[in-house]
Amino acid sequence: MSGVVTGDAVVLGLQPARLPSRALAVLVDLAVVWAVYLLVTVGLAVATASLDEAAVTAVSIAAFLLVLVGAPIAVETLSHGRSLGKMACGLRVVRDDGGPIRFRHALVRGAMGVVEILMTFGVVACVASLVSERGRRLGDVFAGTLVVRERMPAARVLPVPPPPPWLVGRFTGLDLSAVPEPLWLEIRQYLTRARELDPAVGRRLAERLAGELVGRTGTPPPAGVPAEAYLAGVVAERQARDARRAFTGAGAGAGGVVGGGFGAGGVVAVPAGAVPPAAPQAVPPVVPPEAASPGFLPEVSPPEVAPPVASSSVVPPVSAPPGSGSSREDGPAATGFAPPA
C-alpha cells in the first residue's frame, strides 16, 4: 500500500499497479490503437490516391499523431485516467495527491509514451517501472501521476472462534483500555487462522500475544488456562463490552424518568437528594388597635378561595326586654319573624 497524502493532509492507502498488470493494460491499448490506425490508414490511402507524394506523407504523419498519440491522450482526459486497457485490468491513473488527472497530465504522459513505449518498444518503460518504488515510468514521474489498482479483491472475513464455555464471564473485571488496536487486530488474525498454523508455531505465537496482552492489562491469566483460550476469552469479553456499549448508547433516555416530571398517579417525581417544599402555614389575622376596647368584635371576611356555605341551623329570634317601648310600627324583627295576630 502506498501512503498518498492529499491536499487536506489525509493519507490514502492506495495500491500501486505493478509491471505485469500495467504491461497487460498497455498491450490492450496498443492493440486497439493499432487496429484503428490501420483502418484509418487504409481509408486515407483510398481518399488520397489522387494527391501527390508530399500531400500523402503529410496526411500519414497527421494520422499517426492523431491516432497513436492524440487518441490515448483524449481518452485518458475524458475518462479521468481510465483507458480501455486500464478499464479491463482494473487500473486508473491518478495524481500524486490522489485526485483525477487533467489534460496536462495526460499530455505529458502521452508525449513521453511515444519515446519510452513506441520508439524503444517499451524497454525504457519496463526498466523505469522496475526501478521505481511505486512502479512509475518516466511519463508518470514527469507528469506527477501514479497508476493504482482500482479493483481490489474482496477480503475474506473469518469469524473469531468462541472461547471455551468455562471461560465465559471470567474476564469481566479486566481493564482493556490500554490495549492498542494493532494488538487487537493481530490477536484476531491469529485466532481466525490458528488451525492453519503449525502447532508449535501457533503455540509460540499465542504465548507471545498473551504476554503482550498481560503487559497491557496488568493481570495474568488464570492458572492452567492455555494461551489460545486466554486470548479467545479476552476477545469475547471485548466484543461483549462493545455490544453492551452500543445498545446502551442507543437506548439511553428512552423510558427514563425525568426529574421534576409527573410520575404514576399524578404524583410529582422529586429528584433524589432534593428537599420537597414545605406546606404553607396559616397566618393569623391581624387585629387592629380598636380590638383592645371591650365589646369590640372584629369583622372577619370569608376567604376568597372558598365560596360561602349556607348554614342549615335556624337562629332563634331575639326578643326585646319588657318595658323597652318597642311597638309594631318599628317593623318586624331583624330575623324576619312575625308574631301571630
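His80 is found in the loop between α2 and α3, where helices (H or I, at least four residues) and strands (E, at least two) are DSSP runs, numbered from the N terminus. The model is a predicted one, in which local features need pLDDT of at least 70 and side-chain atom pairs count only at pLDDT 80 or more, while totals for chains, interfaces and linings use all residues. Residues are numbered from 1 along each chain as its sequence is written, and side-chain values use heavy atoms, with hydrogens and water left out.

Although His80 is not a glycine, it has a positive phi of about 55°. Most residues other than glycine have a negative phi. His80 is partly exposed, with a relative accessible area of 41%, on a scale where buried means under 20% relative accessible area, exposed over 50% and partly exposed in between (1.4 Å probe, protein chains only). Phe121, another residue other than glycine, also has a positive phi, near 55°; Phe121 sits in the loop between α4 (103-119) and α5 (123-131) and is exposed, at a relative accessible area of 74%.

The chain as a whole has 9 helices and 4 strands, which follow one another from the N terminus as β-β-α-α-α-β-α-α-α-β-α-α-α. Of its 341 residues, 25% are buried. Strand β3 (residues 91-95) runs antiparallel to β4, and 5 bridges join the two, at least two DSSP bridges being required for strands to pair. In this pairing Leu91 stands opposite Arg149 in β4. Because 4 of the 5 residues of β4 are buried, this strand is largely enclosed by the rest of the structure.

Turning to the aromatic side chains, rings of Phe, Tyr and Trp (its six-membered ring) pair if their centres lie within 6.5 Å, with planes under 30 degrees apart counted as stacked, over 60 as edge-to-face and the rest as tilted. By this rule there are 3 aromatic pairs. One of them joins Tyr37 and Phe64 edge-to-face, at 6.0 Å centre to centre and with 85° between the planes. Since Tyr37 lies in helix α1 (residues 19-47) and Phe64 in helix α2 (residues 53-78), the pair ties together parts that are 27 residues apart in sequence. Tyr37 is buried, with a relative accessible area of 14%, whereas Phe64 is partly exposed at 29%. Phe171 and Tyr230 form an edge-to-face pair as well, at 5.5 Å centre to centre and with 70° between the planes. This pair links distant parts of the chain, 59 residues apart, with Phe171 in the loop between β4 (145-149) and α7 (181-192) and Tyr230 in helix α9 (residues 227-250). Phe171 is buried at 5% relative accessible area, and Tyr230 is buried at 1%. Trp34, Tyr37 and Phe64 together form one aromatic cluster.

On the surface, Leu24, Val28, Val32, Val36, Leu84 and Met87 form a nonpolar patch with about 450 Å² of accessible area together. Such areas come from the Shrake-Rupley method with a 1.4 Å probe, and for residues only the protein chains shown count as cover. The elements that give two or more residues to the patch are α1 and α3 (84-89), and α1 supplies the largest share, 4 residues. Met87, which is placed in helix α3, counts as partly exposed at 38% relative accessibility.

Terms used
Patches are made of residues with over 30% relative accessible area and no salt bridge: like charges are joined within 9 Å, nonpolar side chains (Val, Leu, Ile, Met, Phe, Trp, Tyr) within 5 Å. A salt bridge is a side-chain nitrogen of Lys or Arg within 4 Å of a carboxyl oxygen of Asp or Glu.
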